[in-house]
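Hello,

Here is the structure you are taking over. Please look at it first; my notes on what was found follow below.

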Amino acid sequence: MNPFELTTSALREPWRLWTGHLAHWSLGHAAVNLGACLLPLAFLPSAIRRQLLRTLPWMLPLGSLLLLPFLAGRPYRGASGLACLLWVAAAFPLARAGRWPEALVFGLGALLKSMLEVAGGIHPLSPDAAWEGLPMAHVTGAALGLGWGLSRASDPGVAPPESAA
Amino acid sequence: MSPRAFALPLALLLLASGCIHPTTQTRRSSLMAYLYPKAQAAPQPNPQGARLQVPLKLGVAFVPGGGGWRDDHPVPGLQEKPLVEMLRASFKDKPWVGEIKPIPTAYLRADGGFDNLDQVCRMFGVDVVALVSVDQIQHTDPKWYSFAYLTIVGAFVLPAEKNSTSTLIDAAVFHVPTRTFLMRAPGQNTIKGSTTAIAQEELLRRDAGESLKLAMQDLAKNLDAEVGAFKAEVAEGRRTDVDMVDRQGQSLRQTGGKGWGGAYGWMEVGGAALALAALRRRRR
C-alpha cells in the first residue's frame with residue numbers, strides 16, 4: 001500500500017489526510033492537477049491568495065474526512081478536490097470586485113464539472129485509465145470552496161486589473 | 001621393515017582419504033508427494049471457483065519430507081517459526097494480507113494430501129495456505145592442497161574444503177476448500193565458503209540455516225511481486241476461477257483493481273486558461 005494515498009486507514013495514519021491530495025497516479029495526472037490549482041491562484045492578489053493558502057492546512061484534511069465514506073475500500077490520490085476548492089473560492093473575491101467573467105469561469109466551471117460528473121457520469125478520464133474518477137472529491141472540494149467564499153462575504157473584493165496596475 | 005612401520009603411514013592415508021573425498025548432501029521435501037500421494041490424480045477444483053476475502057488469513061506450512069527432513073537437519077535456527085516470522089514481517093504493511101498463521105509441520109502427515117490440509121485449515125481458521133517446500137543441496141570438494149591432511153595438523157589449520165550450499169524454496173498457494181491453485185513463488189540462495197576439515201560439519205550446518213534464511217527473504221520479495229501479478233490477472237478477468245472480495249464486499253473483478261483518482265482534464269484547464277486569456281485581452 002502506498003503510504004501517502006488516502007485510504008480508510010487514514011484514521012489510524014492521519015498524515016494520509018494531507019498527503020492523499022499530493023499523491024498522484026502518474027506524472028500527467030499530477031501535472032494537470034497542478035495546472036488546475038495554479039490557475040485560480042494566478043488571478044488573485046497576493047493578500048487574498050495568502051489568506052486562502054493559510055486555510056489549506058485544515059481544509060485539506062477536512063476534505064479528506066468528507067471523502068472517506070465514499071472510498072469503498074479503494075485508495076484515492078489526486079489534488080483535483082483541492083483544485084475545485086480553489087476554483088470556487090477564487091470566484092468570490094473576483095465577483096465582489098466586479099470581475100464577473102473570471103468569477104464565472106472559475107465558479108461555474110468547477111460547479112458545472114462537479115455536477116456533470118455526479119449527475120451525468122461525464123468524466124475527463126479515458127475509460128482505460130489505470131484509475132477511476134471519484135466525482136465526490138470534486139463535490140466536497142467545491143463545497144469547501146463555497147464555504148470559504150461565503151464566510152468571507154464581507155471582505156473587500158479584488159481590484160480590477162486596470163486599477164490594480 | 002616391520003608391519004608397525006607401515007601402520008602409521010597407512011592410518012594417515014586412510015584418514016586423509018576420508019577427509020578429501022567429495023561429498024554431497026541433499027535435503028528435500030516434495031509438494032507433489034505431499035499433496036498427491038501414491039501418484040493419485042489431482043482433485044478437480046470446485047467449478048464455482050475460489051472467492052477470496054481480502055485481507056487474507058494466510059496459513060504457512062512447511063511441506064513434510066517423506067522421512068521428515070527436519071528430523072535429520074539439526075541446524076540451529078532452522079525452526080519454522082522464525083522463518084514464518086520473517087515472512088510475516090515482510091507482509092505486515094501489505095493491504096492484501098490480514099494475518100499470517102504459521103502451521104507447524106508436526107500437524108501435517110507425510111502424504112497427507114488435501115484431506116490433511118482441510119483438517120489443519122479448519123483447526124487454524126484459514127482458507128488459504130502457502131505450502132513451502134525446500135530443496136537444499138550441499139557440496140564439499142577438497143582443494144588441491146588437501147593432501148596436507150596427512151600431517152594431521154593440516155586438517156586443523158588449512159581451509160582445504162570448498163563448500164557450497166544451494167537452497168531453492170518454493171511456495172505454492174492454495175485455496176483449500178475449493179482445491180484451487182492460486183499462485184507460486186520461488187526463493188533461492190547459494191552460499192560458498194572454505195573451511196578446515198575439522199570445522200566442516202559445523203560450517204555446513206551453519207550455511208544450511210543461513211542459506212535457508214536468505215532464500216526465505218528472496219521468497220518474500222518474489223511472493224509480493226507474484227501477488228501483484230495475480231491480482232492484476234484477477235482484476236483483468238484472466239483468472240476466471242478466482243475472485244477477490246474486499247471488506248466492503250466489492251469484487252476485484254468488478255472494480256478492475258483500480259484506485260480512485262481526482263483529476264481535471266487537460267481540456268478543462270486549457271479551455272479555462274484560454275477563456276481567461278481572451279477576457280484579459282478584450283479588457284485591454
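**Notes on the predicted model**

A nonpolar patch lies on the surface, formed by B:Ile152, B:Val153, B:Phe156, B:Val157 and B:Ile198, which together have about 500 Å² of accessible area. Keep in mind that the model is predicted. B:Phe156 counts as exposed because its relative accessibility is 52%, and the cut-off for exposed is over 50%.

Chain A has seven helices and two strands. Along the sequence they come in the order α-α-α-β-α-α-β-α-α. Chain A has 165 residues, of which 48% count as buried. Its accessible surface is about 7,400 Å², and carbon and sulfur atoms hold 72% of that. Taking the contacts in chain A between residues at least 6 apart in sequence, 71% join residues at least 24 apart.

Two helix pairs in chain A are worth a look. Helix 3 (residues 46–67) and helix 4 (residues 80–96) of chain A pack at about 145°, and their axes are 11 Å apart. Their crossing is right-handed. Helix 3 of chain A contributes A:Ile48, A:Leu52, A:Leu56, A:Met59 and A:Leu60 to the contact, and helix 4 of chain A contributes A:Leu82, A:Leu85, A:Leu86, A:Ala89 and A:Pro93.

The second pair is helix 5 (residues 100–120) and helix 6 (residues 135–151) of chain A, whose axes come within 9 Å and cross at roughly 145°. This crossing is left-handed. Among the residues in contact are A:Lys113 and A:Glu117 of helix 5 of chain A, and A:His138 of helix 6 of chain A.

Over all chains, the structure holds 14 salt bridges. In one of them, the side chains of A:Glu5 and A:Arg77 meet at 2.8 Å, N to O. These two residues are 72 apart in the chain, with A:Glu5 in the segment before helix 1 and A:Arg77 in strand 1 of chain A. Are they buried or exposed? A:Glu5 is buried, at 5% relative accessibility, and A:Arg77 is buried as well, at 13%.

In chain B, B:Asp135 and B:Arg28 form a salt bridge with their closest N and O atoms 3.1 Å apart. The pair links strand 5 and strand 1 of chain B across 107 residues. B:Asp135 counts as partly exposed, at 27% relative accessibility, whereas B:Arg28 counts as exposed, at 52%.

Regards

Notes
Residues are numbered from 1 along each chain as its sequence is written. Chains are lettered from A and ligands numbered from 1 in the order in which they are written. This is a predicted model: local features need pLDDT of at least 70, side-chain atom pairs count only at pLDDT 80 or more; totals for chains, interfaces and linings use all residues. Side-chain values use heavy atoms; hydrogens and water are left out. Patches are made of residues with over 30% relative accessible area and no salt bridge: like charges are joined within 9 Å, nonpolar side chains (Val, Leu, Ile, Met, Phe, Trp, Tyr) within 5 Å. Accessible areas come from the Shrake-Rupley method with a 1.4 Å probe; for residues, only the protein chains shown count as cover. A salt bridge is a side-chain nitrogen of Lys or Arg within 4 Å of a carboxyl oxygen of Asp or Glu. Buried means under 20% relative accessible area, exposed over 50%, partly exposed in between (1.4 Å probe, protein chains only). Axes are lines fitted to C-alpha atoms, for helices over the stretch in contact, and angles run from 0 to 180 degrees between N-to-C directions. Helices (H or I, at least four residues) and strands (E, at least two) are DSSP runs, numbered from the N terminus. A crossing is left-handed if the near helix is turned anticlockwise from the far one by less than a right angle, and right-handed if clockwise. Contact means heavy atoms within 4.5 Å.
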